[in-house]
Amino acid sequence: MALQAIAASNSPGLFDSKFISCRAKVRVSVVRCSVPLSSDGPAIGLAERPWKTSDARLVLEDGSIWKAKSFGASGTQVGEVVFNTSLTGYQEILTDPSYAGQFVLMTNPHIGNTGVNFDDEESTQCFLAGLVIRSLSISTSNWRCAEPLGDYLAKRNIIGIYDVDTRAITRRLREDGSLIGVLSTEESKTDEELLKLSRSWDIVGVDLISGVSCKSPYEWVDKTMLDWEFNSNGRVGETFRVVAYDFGIKHNILRRLASYGCKITIVPSTYPASETWKIKPDGVLFSNGPGDPSAVPYAVETVKNILGKVPVFGICMGHQLLGQALGGKTFKMKFGHHGGNHPVRNLRNGQVEISSQNHNYAVDPASLPEGVEVTHINLNDGSCAGLAYPAQKIMSLQYHPEASPGPHDSDYAFREFIELMKHEKLNA
């Protein structure tokens, strides 16, 4: 009736059948508060909010403070912040030992929707310092899911944060370079304390390999699942004994070698070359690993003592150690390469591969001696992505041919390593 009176007084003739039809669609909602109010208005005994509020901070060494929500473990952790452009594969990233000492920021905004499973792990534990994402999936939808991402991180004491502007942080890292940061869920710590902590720690010159390498030699006995039996047409039908130096090796590197028929002995990063020769390998693999290659001179010496005797294959950290062992220099990149979509040109055949990469250091090709060939370059910045030195039976790649996560464009590198060992056997 009140609506009819207003319509009649303000707009004569408007209150017709058409207006009545519109009025019939109006809905009135009544909100009732179940929490008693005090005389001056505020609720007595505030009910818990149905949403999570900011309870974590990422403090960067440049002084910027980013409020976020936490998941996984609680506490305070320092690390180097890097961004990864992979669209998927966060579980492989979490378990990649090359991320030791680093906070990984995923540029893909939606993370956690497939949960985690125990078939995709690249090592026996999580080595990264923390995970930074934009949006945490509230549910999982994958038939292989064993548990949610948050529960997985909590059990492994890894701090994760979400609802933070990852795009803005990524732009800052691209402009200013990788930054040291502190993740904290502890309210008792002031912003000034966290900033001081971020500025008192450095990843350069730190031996991170010793913390991720195995402690004693072991044999790789896991069978390669059918899912990994691809690109097998190039197999030579022989069995080769390979010693793999564990600087932070990923399981799928071992799976790919095994799928090509290799019998693999994994040895610690400090394993003497003299002990390696007792195994009588047909070839030696120097694996990926975290941090600064200049911080592990003992590994460089081991590589020097192995070169020239059997074919060797270096991947990522192994590639950098080979560069130093040959007399070259390595340098820290501005923000590194982290992702599954980096274009690389194979200079030998002109083909372009989409590659999976994870490194903050690179080999300076100008510092390498005569006879060392740059075989691959990164098309984003022109950096050295592969080396060969036929005189000493050396091949190496700065990126990950096993591609976990990532494309399989570079899987042929394992076949080339097999061919090197086969050629050496024929000419022994």
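Contact here means heavy atoms within 4.5 Å. Helices (H or I, at least four residues) and strands (E, at least two) are DSSP runs, numbered from the N terminus.

This is a predicted model: local features need pLDDT of at least 70, side-chain atom pairs count only at pLDDT 80 or more, and totals for chains, interfaces and linings use all residues. Residues are numbered from 1 along each chain as its sequence is written, and side-chain values use heavy atoms, with hydrogens and water left out.

**Stop 1: helix 6.** Select residues 191-199. What do the buried residues pack against? Select strand 1 (56-60), strand 3 (76-84) and strand 9 (179-184).

Stop 2: Now show the open sheet of 10 strands, in the order 10-12-11-13-14-19-18-17-15-16, with mixed pairing. Two strands pair if DSSP finds at least two bridges between them. Strand 10 (218-219) and strand 16 (352-364) each have a single partner strand, so one side of each lacks a neighbour in the sheet. Pick strand 15 (329-346) and strand 17 (373-378): they pair in the antiparallel sense over three bridges. R345 stands opposite I377 in strand 17.

**Stop 3: a helix on the sheet.** Select helix 7 (251-259). Helix 7 packs on the sheet, touching strand 11, strand 12 (262-267), strand 13 and strand 14 (312-315).

How values were computed
Buried means under 20% relative accessible area, exposed over 50%, partly exposed in between (1.4 Å probe, protein chains only). Axes are lines fitted to C-alpha atoms, for helices over the stretch in contact, and angles run from 0 to 180 degrees between N-to-C directions.
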